[in-house]
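I opened my notebook to look up a few things in this structure. Come along and check each entry against the picture.

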Amino acid sequence: MSDVLTLGETMVALRGSGPLKLGGSLDLSVAGAESNVAIGLSRLGHTVRWAGAVGDDEAGELVLRTLRAEGVDVTAATRDAEAPTGLILFEPRLPEVTRVHYYRAGSAGSRLAPDAVDAAFAAGAPRVLHLTGITPALGPSAAEACRRALRLAREHDTQVCLDVNFRSRLWSSEQAATELRAWLPYVDVLIASDDELPLCLPSGAATTPEQVLLDEGIREAVVKLGAQGATVHSAEGPLHSPAREVRAVDAVGAGDAFVAGYLSALLDGADLSTRLDRAVTTGAFAVASRGDWEGAPTRAELGLLKAGPGTVVR
Ligand code: ATP
């Protein structure tokens with residue numbers, strides 16, 4: 001049994017150092033919201049299974065090899081002989097503005113089959129299932145795989161965490177709202193940016209978005225506020241944590257790192273304030289490091305943010 005099961009698309013990631021159209025060299029890595037969370041959790045000492053699909057190609061090999069190297073269990077991952085592994089290009093266009101280009105239509109990850117989820121649960125039900133709103137937007141099969149996972153989670157008493165992660169290039173807000181609202185009865189921990197909250201609400205709701213979510217049975221509604229930190233809403237009321245002060249070098253992946261920190265403390269049985277504290281810490285590590293997941297801290301490194309500028313750790 002793993003602490004956490006997650007599924008979604010992980011792509012080969014190429015990262016340039018300036019305008020893409022000028023050419024030059026690119027760094028090769030992998031990226032995917034759910035596998036970013038998986039790596040973050042694994043570095044913090046939790047057992048995590050990733051059940052995505054990659055092509056039967058060298059790019060897929062890179063994805064699986066990277067996740068394995070990070071201690072993520074990929075025994076439930078599938079290889080699709082008829083579709084390639086997806087590709088993402090990161091184009092740092094201004095010091096604080098990165099453009100992202102996707103080549104994922106028809107990819108192996110977008111064709112993830114519901115059977116893969118059965119296999120992932122058959123190996124032992126996890127304590128937490130983590131899904132994002134990206135996977136159901138990839139295609140009908142991937143959406144069905146998520147619904148299957150939600151039903152299996154309910155059958156096995158597995159807690160469900162959903163990060164809304166709305167991607168307007170993949171689907172409309174109306175499509176996202178229809179799908180994700182149907183998921184809410186299965187969700188224990190909802191994580192969203194404040195501008196994503198309306199997607200999860202019935203139209204014309206009279207009270208605050210967070211109260212509507214709690215009334216719908218969500219146990220914890222966690223709102224990410226970028227450099228302002230985050231707020232968790234629960235039956236105990238709202239609890240806010242400011243962001244950790246760091247020099248931001250790359251905001252990509254902050255949300256996923258935040259989720260990893262939050263779930264790590266939840267798995268430890270820590271209270272809401274500790275969950276939020278670890279989440280803003282891991283989120284800050286992500287913005288202070290280049291790459292989607294590369295800067296994720298181990299448990300021993302969590303305290304490093306308290307070190308002053310210029311500190312040399314010997
Ligand atoms: P992304 O989609 O780029 O991964 P997101 O929109 O999902 O990001 P954010 O709200 O930008 O998520 O960031 C998640 C968390 O990371 C924030 O709640 C905060 O704790 C931390 N964070 C983000 N930006 C900064 C920053 N500039 N300085 C310190 N911490 C930050």
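Which residue in strand 11 does Asp163 stand opposite? I looked, and Asp163 stands opposite Ile191.

A note on what I am using: this is a predicted model, where local features need pLDDT of at least 70, side-chain atom pairs count only at pLDDT 80 or more, and totals for chains, interfaces and linings use all residues. Residues are numbered from 1 along each chain as its sequence is written, and side-chain values use heavy atoms, with hydrogens and water left out.

Entry on strand 10. I found strand 10 at residues 159-163 (strands are DSSP runs of E, at least two residues, and helices are runs of H or I, at least four, numbered from the N terminus). I counted 4 of its 5 residues as buried (under 20% relative accessible area, 1.4 Å probe, protein chains only).

Entry on its partners. I see 3 bridges joining strand 10 to strand 11 (residues 189-193), and the two run parallel (strands pair if DSSP finds at least two bridges between them). Between strands 10 and 11 the chain passes through helix 6 (residues 173-183), in a right-handed β-α-β crossover (with the strands pointing away from the viewer, the path from the first strand over the helix to the second runs clockwise). Strand 9 (residues 128-132) is also parallel to strand 10, with 5 bridges; there, Val128 has Gln159 as its bridge partner.

Entry on Val12. I found Val12 in strand 2 (residues 11-15). Val12 counts as buried because its relative accessibility is 7%. Beyond neighbours within four places in sequence, Val12 has contacts including Leu28, Val30, Leu62 and Ile88 (heavy atoms within 4.5 Å).

Conventions: Buried means under 20% relative accessible area, exposed over 50%, partly exposed in between (1.4 Å probe, protein chains only).
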